[in-house]
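Trainee: I have a model to read and would like to know how to go about it. Please take me through the features one at a time.

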Amino acid sequence: MAPSLHPLIDNGIAPGSSSFSGGKLHCRCASDQVEITLNSNVAHNHACGCSKCWKPSGSLFSIVGVVPRDAVSVTANASKLSIVDKEATIQRNACKDCGVHLFGRIEKDHPFKGLDFVHVELSDEKGWQEPQFAGFVSSIIEQGSHPKEMDEVRDKFKAVGLQTYDVLSPVLMDLISTFTAQKSGIRFANL
Ligand SMILES: N[C@@H](CCC(=O)N[C@@H](CS)C(=O)NCC(=O)O)C(=O)O
Ligand SMILES: [Zn+2]
Ligand SMILES: [Zn+2]
């Protein structure tokens, strides 16, 4: 059987709702779940093949999107949260008991500072923005996918309408480079 990319991708993508304005995420503990309340839909939702983003077991990709950090609050069992890697750019707050990542936050100077990274599959609500692209695709090789499987993986994303990139989408790469240029003193008119 072909490996699962992700349950939200494998059988085609269900569109989100433009009027949807947020909901709750829960970890996967049987009781005393960590609860996160999001007062916003996600943006730039995408499949990520990197080794650091949380993914459900059996899936090759994570689905991760961003929300303004002001729209994120921990509304139950905050004491179960722990940062996976304090040195990483994205400080991923995981449940100590079930291992699910509830939100990832950037504290250092970075183009995406102010945005938290979240996994909408941890919500029961419907309407979250659907995945827009697949990033860090080649990174799945670092976790054991065979290089010869990569055409099949990229073809599957294309079949459900998603472009694949080996880092991020052009829009996000441009944002990162614009930030870097501005830090080095370049000024752009009419951004
Ligand atoms: N090939 C590496 C890529 C890791 C990576 O750069 N991940 C991206 C996408 S989530 C990132 O922005 N990481 C920042 C971080 O993890 O803090 C891996 O798979 O571990
Ligand atoms: Zn948990
Ligand atoms: Zn990632």
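Mentor: Start with confidence: the protein has a mean pLDDT of 97, and 99% of its residues reach 70 or more. The pLDDT is the predictor's confidence in each residue, from 0 to 100. This is a predicted model, in which local features need pLDDT of at least 70 and side-chain atom pairs count only at pLDDT 80 or more, while totals for chains, interfaces and linings use all residues. Residues are numbered from 1 along each chain as its sequence is written, chains are lettered from A and ligands numbered from 1 in the order in which they are written, and side-chain values use heavy atoms, with hydrogens and water left out.

Trainee: Where is confidence lowest and where is it highest?

Mentor: Where pLDDT is low, the predicted coordinates should not be read in detail. Here the lowest value belongs to helix H1 (residues 7-10), with a mean of 97, and the highest to strand E10 (residues 133-135), at 99. Helices (H or I, at least four residues) and strands (E, at least two) are DSSP runs, numbered from the N terminus. For the complex, the predictor gives an ipTM of 0.98 and a pTM of 0.97.

Trainee: How many residues does the largest nonpolar core have?

Mentor: In soluble globular proteins, nonpolar side chains tend to be buried together. A nonpolar core is a set of buried Ala, Val, Leu, Ile, Met, Phe, Trp, Tyr and Cys residues joined through side-chain atoms within 4.5 Å. Buried means under 20% relative accessible area, exposed over 50%, and partly exposed in between (1.4 Å probe, protein chains only). The largest core here has 20 residues, and Cys27, Ile36 and Leu38 are among those with the most contacts inside it. Strand E2 (35-38) and strand E8 (101-106) each supply at least two of its residues. Another core, of 13 residues, lies apart from it and includes Ile63 and Phe157.

Trainee: Which residues does UniProt place under "binding site"?

Mentor: The unreviewed UniProt entry places that feature at Cys27, Cys29, Cys95 and Cys98. These residues span 72 residues in sequence, yet no two of their C-alpha atoms are more than 8.5 Å apart, so they gather at one spot. UniProt positions are given in the numbering used here, feature names are shortened, and annotations may be inferred rather than shown by experiment.

Trainee: Is Cys27 buried or exposed?

Mentor: Cys27 is buried, at 3% relative accessibility, and its place is in the loop between strand E1 (23-26) and E2. Contact means heavy atoms within 4.5 Å. Leaving aside neighbours within four places in sequence, the contacts of Cys27 include Cys95, Cys98 and Leu102. Cys29 lies in the loop between E1 and E2 and counts as buried at 10% relative accessibility.

Trainee: How many salt bridges does the structure hold?

Mentor: Side chains of opposite charge can pair when their charged atoms come close. A salt bridge is a side-chain nitrogen of Lys or Arg within 4 Å of a carboxyl oxygen of Asp or Glu. The structure holds 6 of them. One of these joins the side chains of Lys80 and Asp97 (3.5 Å, N to O). Lys80 lies in the loop between strand E5 (72-76) and strand E6 (81-83), and Asp97 in the loop between strand E7 (90-95) and E8, so the pair ties together parts that are 17 residues apart in sequence. Lys80 counts as buried, at 12% relative accessibility, whereas Asp97 is exposed, with a relative accessible area of 58%.
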